[in-house]
Amino acid sequence: MNMLPSEKVKALELEFPPAPKPAGVYKPLLVVDKFLYVSGHGPVNINGSLMQGRAGDNISDEEAKMAARQVGLTVLSSIVTHFGSLDKIKRVVKVLGMVNCTPNFINHPYVINGFSELMADVFGEEHGIGVRSAVGMMLPDGIPVEVEVMFELY
């Protein structure tokens with residue numbers, strides 16, 4: 001029997017951080033036709049603070065991957081807060097994962113797997129894995145990872 005995403009969140013005992021407020025002039029998410037577009041999110045801790053770090057500098061690959069997973073929890077929190085339900089989501093369509101890293105860092109896909117693995121856990125492998133890009137760049141506020149994502153709705 002397939003579990004709803006909200007049931008999977010409970011079964012996995014996932015704890016969401018508070019949904020962040022926009023840091024500029026944009027919407028945290030937007031529904032257009034049958035798609036839910038989620039603006040870039042960083043990793044918010046349970047206490048509302050932002051995770052900090054730069055891969056290849058002051059955090060390990062594994063710490064960066066865990067930050068990407070925390071971004072996933074932050075995205076899910078924003079969806080519940082601003083959209084209402086994870087159960088209206090049919091599938092992950094597109095993920096853009098951005099890693100704050102040094103110029104010689106090469107493990108971007110590994111880091112963004114932290115986000116993608118969480119989506120697969122919550123929405124199932126068939127619907128939780130979409131197309132994806134993983135790139136390195138400088139990110140605002142010293143956050144280690146930022147992800148924007150597009151979902152298809154039922």
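Is E152 buried or exposed in this model? At 18% relative accessibility, E152 counts as buried, where buried means under 20% relative accessible area, exposed means over 50%, and partly exposed covers what lies in between, computed with a 1.4 Å probe on protein chains only.

Before selecting anything else, note that this is a predicted model, in which local features need pLDDT of at least 70 and side-chain atom pairs count only at pLDDT 80 or more, while totals for chains, interfaces and linings use all residues. Residues are numbered from 1 along each chain as its sequence is written, and side-chain values use heavy atoms, with hydrogens and water left out.

If you set aside the neighbours within four places in sequence, E152 is in contact with K34, F35, I89, K90, R91 and V93, contact meaning heavy atoms within 4.5 Å. Now select the whole of strand 5, residues 145-153: eight of its nine residues are buried, so the strand is largely enclosed by the rest of the structure.

**The aromatic pairs**

Rings of Phe, Tyr and Trp (its six-membered ring) pair if their centres lie within 6.5 Å, and planes under 30 degrees apart count as stacked, over 60 as edge-to-face and the rest as tilted. By this rule the model has two aromatic pairs. One of them joins F35 and Y37, whose rings are tilted, at 6.5 Å centre to centre with 50° between the planes. Both members are partly exposed, F35 with a relative accessible area of 27% and Y37 with one of 35%.

Then select F123 and F151, whose ring centres are 5.8 Å apart and whose planes meet at 50°, so this pair is tilted. It links distant parts of the chain, since F123 belongs to helix 3 (residues 108-123) and F151 to strand 5, 28 residues apart. Here F123 is buried at a relative accessible area of 8%, and F151 is buried at 0%.

**The nonpolar core**

A nonpolar core is a set of buried Ala, Val, Leu, Ile, Met, Phe, Trp, Tyr and Cys residues joined through side-chain atoms within 4.5 Å. The largest one has 35 residues, among which L36, I79, F115 and F151 touch the most other members.

Centre the view on F115, which, leaving aside neighbours within four places in sequence, is in contact with residues including A68, V75, V95 and V149.

Follow helix 2 along its 22 residues, which reach 31 Å from the first C-alpha to the last, close to the 32 Å expected at 1.5 Å a residue, the expected span being 1.5 Å times one less than the number of residues. After helix 2 comes G84, whose phi is positive, near 115°.

Select N100, which lies in strand 3 and counts as buried at 5% relative accessibility. Apart from its neighbours within four places in sequence, N100 is in contact with residues including G53, R54, M138 and P144.

C101 is found in the loop between strand 3 and helix 3, and it is buried at 7% relative accessibility. Its C-alpha atom is separated by 5.9 Å from that of G136, although the two residues are 35 apart along the chain.

Most residues other than glycine have a negative phi. E13, in the loop between helix 1 (5-11) and strand 1 (29-32), has a positive phi near 55° and counts as exposed at 71% relative accessibility. D141, in the loop between strand 4 (131-137) and strand 5, has a positive phi of about 60° and is exposed at 56%.

Technical notes
Helix = DSSP H or I, 4+ residues; strand = E, 2+ residues; numbered from the N terminus.
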